[in-house]
Amino acid sequence: MDNLFELLHYTFFQHALWGSLFASIACGIIGTYIVTRRLVFISGGITHASFGGIGIGLYTGISPLLSAAIFSILSAFGVEWLSKRSDMREDSAIAVFWTFGMAVGIIFSFLAPGFTPELSSFLFGNILTVTTMDIVMLALLSVLLILFFGLFLKPIVSIAFDREFAQSQRMPVTFFEYALMMFIALTIVACLRMVGIVLAISLLTLPQMTANLFTYSFKKIIFLSIGIGYLSCLGGLFLSYQLQVPSGASIIFISILIYVFAKAGRMFFSKQAN
């Protein structure tokens, strides 16, 4: 325990705590829309498509996160556009960008000059490598999401639960869908250094699934998801430190444990009530 308190004095650990907080806020907000709208598969496609941007960034020498953000947003818009076409099924559109992004990423990462040690951290994540710039990016994204959802919560909820009803009410559904897809892409990229491409989608869905066990309110799911997400990050961070295992996998492991215990607890108390 003393060693854990000593960690709080290290800058890298303080960065990890702040990064976890802002990532939990961003994922808690946009993840609630993803789960409610059933966009988990689409988000998985965007997550893997971001690898194409990382490969291009490593090859060209520009920031991999910047190129991943641009590539992810374009992929998100592409999926949204193709899925609305009558001659293309949604799952096919996702598969196109999923595989294209991974292929581009693999090709350019192999063509990149020299050794690319960052590649592993982007694939599997390492919360202890979070930089001040990453924290600023996550904080800015969290503020933007809070403002956007605070101002437009009613149309967002309407679109999430019933797109056709929202259209009948003359809401700018297309604008909100593209804006929210952009936020999904940015949130995924902002969390890559923490949990990596392989596990990023879990942070956007597991806390929301756990929160949904206790409430069906969109607002309450957001707040509960933020709390559960942060608890998962803290638990994963300490587990990673104790066992010397990758932090990204530890965070998701704790998230799954919380969901399993919450599910079991709900089933137990439901039987007791009956």
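Start with Ser24, Cys27, Gly28, Leu203, Pro207, Gln208, Ser225, Gly229 and Cys233, which line the largest cavity. On a 1 Å grid over the protein atoms alone, a cavity is a set of points where a 1.4 Å probe fits but cannot get out, and lining residues have an atom within 4 Å of a point. The model is predicted: local features need pLDDT of at least 70 and side-chain atom pairs pLDDT 80 or more, while totals for chains, interfaces and linings use all residues. Residues are numbered from 1 along each chain as its sequence is written, and side-chain values use heavy atoms, without hydrogens or water.

The volume of the largest cavity is about 30 Å³, where volume is the space filled by probe spheres set on grid points joined across faces, edges and corners. Helices H2 (11-37), H11 (206-211) and H12 (218-243) each supply at least two residues of its lining. Helices here are DSSP runs (H or I, at least four residues), numbered from the N terminus. The lining has four nonpolar residues, five polar and no charged. In this count Ala, Val, Leu, Ile, Met, Phe, Trp, Tyr, Cys and Pro are nonpolar, Asp, Glu, Lys and Arg are charged, and the others, Gly among them, are polar.

Ser109 sits in helix H5 (residues 90-111). Is Ser109 buried or exposed? Ser109 counts as buried because its relative accessibility is 8%, and buried means under 20% relative accessible area. A polar atom of its side chain lies 2.8 Å from the backbone oxygen of Gly105, and the side chain also reaches the backbone oxygen of Ile106 at 2.9 Å.

Now turn to Ser142, in helix H7 (residues 132-161). Ser142 is buried too, with a relative accessible area of 2%. A polar atom of its side chain is 2.8 Å from the backbone oxygen of Leu138. Leaving aside neighbours within four places in sequence, Ser142 is in contact (heavy atoms within 4.5 Å) with Phe22, Ile25 and Ala26.

## Two helices and their spans

How does a helix compare with its expected span, 1.5 Å times one less than its number of residues?

Helix H10 (residues 192-203) spans only 11 Å between its end C-alpha atoms, whereas a straight helix of twelve residues would span 16 Å. Eleven of the twelve residues of H10 are buried, so this helix is largely enclosed by the rest of the structure. Among the buried ones are Arg193, Gly196 and Leu203.

Methods:
On a 1 Å grid over the protein atoms alone, a cavity is a set of points where a 1.4 Å probe fits but cannot get out, and a pocket is an open set with protein on both sides within 12 Å along at least five of seven lines; lining residues have an atom within 4 Å of a point. Buried means under 20% relative accessible area, exposed over 50%, partly exposed in between (1.4 Å probe, protein chains only). A polar contact is a pair of N or O atoms within 3.5 Å; within protein, one must be able to donate a hydrogen and the other to accept it, and residues adjacent in sequence count only if both atoms are side-chain atoms. The expected span of a helix is 1.5 Å times one less than its number of residues.
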